[in-house]
Amino acid sequence: MEDALRRELGTAVLRPTGHSGGGCISQGQSYDTDRGRVYVKSNSKAEARRMFEGEMASLEAILKTQTIKVPKPIKVIDLPGGNTLFVMEHLEMRGLNRHSAKLGTQLADLHLHNQQLGEKLKKEESTVGKGQGQMEVQFVDQFGFHTVTCCGYLPQVNDWQNDWVTFFAKQRIQPQMDMIEKNSGDREARELWAQLQLKIPSLFCDVEIVPALLHGDLWGGNVAEDDSGPIIFDPASFYGHSELVMIFQCKRTSSCRQQLNQGMEKGMNSSILKAGCWWTLKEKLLQFYKARKMFEGEMASLEAIQKTNIVRVPQPIKIIDLPGGGAMFVVEYLKMKHLNKYSSKLGEQIADLHLYNQKLGEKLRKEGNTIGKGAGHSESQYVDKFGFHTATCCGYIPQVNEWQSDWPSFFIRHRLQAQLDLIEKDYGDREARELWSQLKLKIPEMFCDVEIVPALLHGDLWAGNVAEDDSGPIIFDPASFYGHSEFELAIAGMFGGFSSSFFSAYHSKIPKAPGFEKRNKLYQLFNYINHWNHFGTGYRGSTLNVMRKLLK
């Protein structure tokens, strides 16, 4: 890949920086070239070129407005063998924090840019028409975009429409509903949509909508900052209604608040509510029968981590069953912001968390105390097996944590095999089945000469589950169990969000053992399969590629 990349970029220098990242869809790597540092995204899916071309066009369109900083796109490259690369400017980014207000202002400016351009052109009596394919920015009087873009891995048709209601119903909601119909044939969804689409026009009565250039996928994972101000990236742009961006704020609905209040009044002592307790409540409402099991696992995980007194987590309070099904998990509210200043401290604390059980065992042996499995008792006890005292969920998939005496057996049976059983059930993928039949025989040899003491893990330590406040780092949404400490680092390194200082601080306390890199790939495999099970076949290629590499 690097030879082709060097040739396509016309650079004599192509040196990996060690900075890797990416998101749920593509993987990324930074390189130094003789023209500066670049960031290269790669994807092996058949539709990768279309996806990257849409992203490149989106970045170019935003860049032309000069309202908000984005990485400068450079080139989309097809590689022999089916892989596609997207090369762009490398920016040194960190979590959005200090420049949040500035980002709000700049997004508003982005959304007003086309309207202001139209007003200016009218004043100058210039020709008005749609233009995004030309060198100069022109006023756009319709809704759409000049090319297909992808939200996630799903392509979005952006054919120009004269009114927003038609565009939104026809090219946003209807295509999604068509996929729901194809994949699940949900009758209730079909019937509700048939009624709803007739009512949509009434929601826009007396609202004047001027086409606004949108980022198109503006969630927390696609915004950042550097010293100069905010940055947005991974866009799926089109000209639409500026209000669409507000859905990513995830405001609670009145019905959600009502369910919270009803559940609190029935499930907790009313005197606590009347006392005006300084607990603020985080609500999680899930309308399916597995909610209580999932929340029980999360509560047990938070309690186990909390007992170590090492890294801060929200105090769990209570699980409440809601009338009509579903459950609610009430936890302490913590005023959190993106992990930034305390990355290094979090690395040290995660290492201390992983070493806690080992040190407890050493202390107990010195004192001649009884040693046995714990985690369910009020006092922390040394745990000499791999597992957990209850099921936990990674995403919405429950994980069996039955105790095992050795780590390879636990990991093969309760993590990889369990996930691949779901793949077999849902997809019957022959290639995955055949690769797994070979790989599982080779896994034990990856652990030769490695001593593994059960470590209490967070269990799902990606960037979306870590934060900080003024006092230090915070971790949340755990799916804990006692396992190999290296397991934790796989997802932390897969999708970005953790600085090099996090990993340096961690490894200063727990150095990499021989064979670390190959085992890291093995642990990444679990996360790729888990994403395949959660989000579909967009992760099939990554899963099979990792399996093939592990078999070499």
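Is Asp 206 buried or exposed?

Analyst: Asp 206 is exposed, because its relative accessible area is 85%. Here buried means under 20% relative accessible area, exposed means over 50%, and partly exposed covers what lies in between, with a 1.4 Å probe and protein chains only. The model is predicted, so local features need pLDDT of at least 70 and side-chain atom pairs count only at pLDDT 80 or more, while totals for chains, interfaces and linings use all residues. Residues are numbered from 1 along each chain as its sequence is written, and side-chain values use heavy atoms, with hydrogens and water left out.

Asp 206 belongs to the loop between α5 (187-199) and β8 (212-214). In these names, helices are DSSP runs of H or I with at least four residues, strands are runs of E with at least two, and both are numbered from the N terminus. The phi of Asp 206 is near 60 degrees, a positive value in a residue other than glycine.

Asp 234 likewise is not a glycine and has a positive phi, of about 50 degrees. Its place is the loop between β10 and β11 (238-240). Asp 234 is partly exposed, because its relative accessible area is 27%.

Another loop residue, Asn 158, sits between β7 (154-156) and α4 (164-184). Asn 158 counts as buried because its relative accessibility is 2%. With residues up to four places away in sequence left aside, the residues that Asn 158 touches include Gly 144, Phe 145, Thr 147, Gln 171, Arg 172 and Phe 238; contact means heavy atoms within 4.5 Å. Thr 147 and Asn 158 are 11 residues apart in sequence, and their C-alpha atoms are 6.5 Å apart in space.

The strands come next. β9 (residues 223-226) and β10 (residues 229-232) pair in the antiparallel sense over four bridges; two strands pair if DSSP finds at least two bridges between them. Two residues link β9 to β10 in a hairpin, and Asp 226 has Gly 229 as its bridge partner in β10. In a regular strand the side chains alternate between the two faces of the sheet. Both faces of β9 are covered, with Val 223 and Glu 225 buried on one side and Ala 224 and Asp 226 buried on the other.

β19 (residues 466-469) is joined to β20 (residues 472-475) by four bridges, and the two run antiparallel. They form a hairpin with two residues between them, in which Ala 467 has Ile 474 in β20 as its bridge partner. Both faces of β19 are covered as well: Val 466 and Glu 468 are buried on one side, and Ala 467 and Asp 469 on the other.

Among the helices, α12 (residues 487-494) and α13 (residues 500-509) pack at an angle of about 165 degrees, with axes 12 Å apart. This angle is why α12 is roughly antiparallel to α13. Axes are lines fitted to C-alpha atoms, for helices over the stretch in contact, and angles run from 0 to 180 degrees between N-to-C directions. Angles under 35 degrees count as roughly parallel, over 145 as roughly antiparallel, 65 to 115 as roughly perpendicular and the rest as oblique.

Leu 489, Ala 492 and Gly 493 in α12 meet Phe 502, Phe 503, Tyr 506 and His 507 in α13. The residues of this contact comprise five nonpolar, two polar and no charged; Ala, Val, Leu, Ile, Met, Phe, Trp, Tyr, Cys and Pro count as nonpolar, Asp, Glu, Lys and Arg as charged, and the others, Gly among them, as polar. Phe 502, Ala 505, Tyr 506 and His 507 of α13 are buried, and their cover includes α9 (343-367), α12 and α14.

Asn 520 is a residue of α14 (residues 516-535). Asn 520 is buried, because its relative accessible area is 13%. Leaving out residues up to four places away in sequence, Asn 520 touches Leu 489 and Ala 490.

α14 also packs with α10 (residues 407-426): their axes come within 10 Å and cross at roughly 30 degrees. The two helices are therefore roughly parallel to each other. Residues that meet there include Trp 407, Phe 411 and Arg 415 in α10 and Leu 522, Tyr 523 and Trp 532 in α14. The residues of the contact of α10 with α14 divide into 12 nonpolar, three polar and two charged.

For the protein chain overall, there are 15 helices and 21 strands. Of its 552 residues, 47% count as buried.
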